[in-house]
Amino acid sequence: MLYEPGKEYLMEARLLPLARAAGYADVDSYLPRIFSDHLERQRALDALTINETSWFRDNTPYQAFTDVILPELLKARAATRQISIWSAACSSGQEAYSLAMLLDQHLPGGWTARITATDVSTEMVARVTAGRYSQVEMNRGLPATQLIKHFTRVGAQWEISPRLRDMVQARTMNLAAPFPPLPRFDLVLLRNVLIYFDLDTKRDILRRVHAVTAPDGYLMLGTAETGLEAEQHWGRESVGRMQLLRPAPSATRIPPAVPATTLTGA
Ligand SMILES: C[S@@+](CC[C@H](N)C(=O)[O-])C[C@H]1O[C@@H](n2cnc3c(N)ncnc32)[C@H](O)[C@@H]1O
C-alpha cells in the first residue's frame, strides 16, 4: 500500500490510537511491533485502508453488466450455466451485493452465480459476511425497490437476505501478495484500489488477475482509473461510457508465475 509523500500525517493519525492502545507513546516506537506481531499488523492494516464504497457505485459499470456482460455470458456459458465473479478489494461488500441484486433479477432459472469477495482488511471481510449496514450506508445509492426486496431491519441496521448472502463468499486476501488458489472468473471488478500501489505492483497485480480471468472474460477498473499499466496483457472494449478490459488473445496462455522477462514471444 502506498501513502504518497506528504501524507505521512494521515498514517500517523490512523496509527496513533492503535499505538496508544498497545501501550506505546507514539507511532515510531509502535512500528517494530507491527512487523513482529501478526495480529497487530492486521489491526494496523485495517486502520490504514480506505474503505470508501457505495451501492451501484458510478452506475455505468452496473449498466454495462446488465446490458452487455451478462447477456454475453449467458450465451458463452450456456453449457455449464455457471457464472463466476470476483469483487477484488470489496470493502464492506456493497459492490458484491449490488451485483448479486442484478443477478437475482436477471439470471434465468437453472443457472448458478458465485461471487467471490476479497479484501485485505479482515474487518471488512467480516462485514461482508455479516451483510449488515447502517442507515447512512443504505442511503448511499441503494434504490428503495432493492431495499424493500432484499433487506430486513435488525435493530438500527439493515440485513441482506440469506438468498443474496449465499451468493457471496467473502475471504481475506492481499492483492499485492501471490494469490491463493482461485477459480477462473468470468468477470473481475478491481475498482478503486490500484491507486494505492506503485507502478510495478499495479502491473504485477494486473498480470496475476489476467491469469485467473477466463480468456473471454472481463475486467472492470474504477471509472477514473485508466488501466494504462495493463497494456501488456489486456485489450480494451468500450461499452457505452464504460471502458472494459479483456484478456489480450496473444497473452491468454501465459502461466501466472512466469517472470515478466521470459514472457516476450511466448
Ligand atoms: C476505496 S475501497 C474500494 C471498494 C470497492 N471496490 C469500490 O470501488 O467501491 C478500497 C478497498 O481496497 C482494499 N485494499 C487496500 N489494499 C489492498 C490490498 N493490498 N489487497 C486487497 N485489498 C486492498 C481496502 O481495504 C478497501 O476496502
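Trp86 has Val188 as its bridge partner in β7. This is a predicted model, in which local features need pLDDT of at least 70, side-chain atom pairs count only at pLDDT 80 or more, and totals for chains, interfaces and linings use all residues. Residues are numbered from 1 along each chain as its sequence is written, and side-chain values use heavy atoms, with hydrogens and water left out.

Start with the strands around that bridge. Strands here are DSSP runs of E with at least two residues; helices are runs of H or I with at least four, and both are numbered from the N terminus. Two strands pair if DSSP finds at least two bridges between them. Strand β1 covers residues 82–88 and pairs with β7 in the parallel sense, over 3 bridges. Strand β7 covers residues 185–190. β7 also pairs with strand β8, residues 213–221. That pairing is parallel too, with 5 bridges. Phe185 finds its bridge partner in β8 at Thr213. How many of the residues of β7 are buried? The count is 6 of 6, and the strand is mostly covered. Buried means under 20% relative accessible area, exposed means over 50%, and partly exposed lies in between (1.4 Å probe, protein chains only).

Now turn to an open sheet. It has 3 strands in the order β3-β5-β4, and the pairing is antiparallel. The edge strands are β3 (132–133) and β4 (151–154), each of which pairs on one side only. β5 spans residues 157–160 and pairs with β3 over 2 bridges. On the other pairing, 4 bridges join β4 to β5. Look at Glu159 in β5. Glu159 is the bridge partner of Arg132. Glu159 is also the bridge partner of Thr152. β4 and β5 form a hairpin with 2 residues between them. Gly155 sits in the turn and has a positive phi of about 60°.

His150 lies in helix α8, residues 144–150. Is His150 buried or exposed? At 4% relative accessibility, His150 counts as buried. Not counting residues up to four places away in sequence, His150 touches Met101, Asp104, Glu159, Ile160, Ser161 and Leu164. Contact means heavy atoms within 4.5 Å.

Next come two helices, α2 (residues 27–36) and α3 (residues 38–48). Their axes come within 6 Å and cross at roughly 115°. Axes are lines fitted to C-alpha atoms, for helices over the stretch in contact, and angles run from 0 to 180 degrees between N-to-C directions. α2 and α3 are therefore roughly perpendicular to each other. α2 passes α3 in a left-handed crossing. From α2, the contact uses Tyr30, Arg33, Ile34, Phe35 and Ser36. From α3, His38, Glu40, Arg41 and Ala44 take part. The residues of this contact divide into 4 nonpolar, 2 polar and 3 charged. Ala, Val, Leu, Ile, Met, Phe, Trp, Tyr, Cys and Pro count as nonpolar, Asp, Glu, Lys and Arg as charged, and the others, Gly among them, as polar.

Stay with α3 for Asp46, which lies in this helix. Asp46 is buried, with a relative accessible area of 14%. Which residues does Asp46 contact, leaving aside its neighbours within four places in sequence? They are Ser121, Thr122 and Glu123. Asp46 and Glu123 are 77 residues apart along the chain, and their C-alpha atoms are separated by 6.6 Å.

Last, follow the loop between α3 and α4. Helix α4 covers residues 60–76. Ser54 lies in this loop. At 13% relative accessibility, Ser54 counts as buried. Ser54 is in contact with Gln94 and Arg140, leaving aside neighbours within four places in sequence. Asp58 is in the loop as well. Asp58 is not a glycine, yet it has a positive phi of about 70°. At 39% relative accessibility, Asp58 counts as partly exposed. Asn59 also has its place in the loop. Asn59 has a positive phi of about 60°, although it is not a glycine. With a relative accessible area of 44%, Asn59 is partly exposed.

Key: Angles under 35 degrees count as roughly parallel, over 145 as roughly antiparallel, 65 to 115 as roughly perpendicular and the rest as oblique. A crossing is left-handed if the near helix is turned anticlockwise from the far one by less than a right angle, and right-handed if clockwise.
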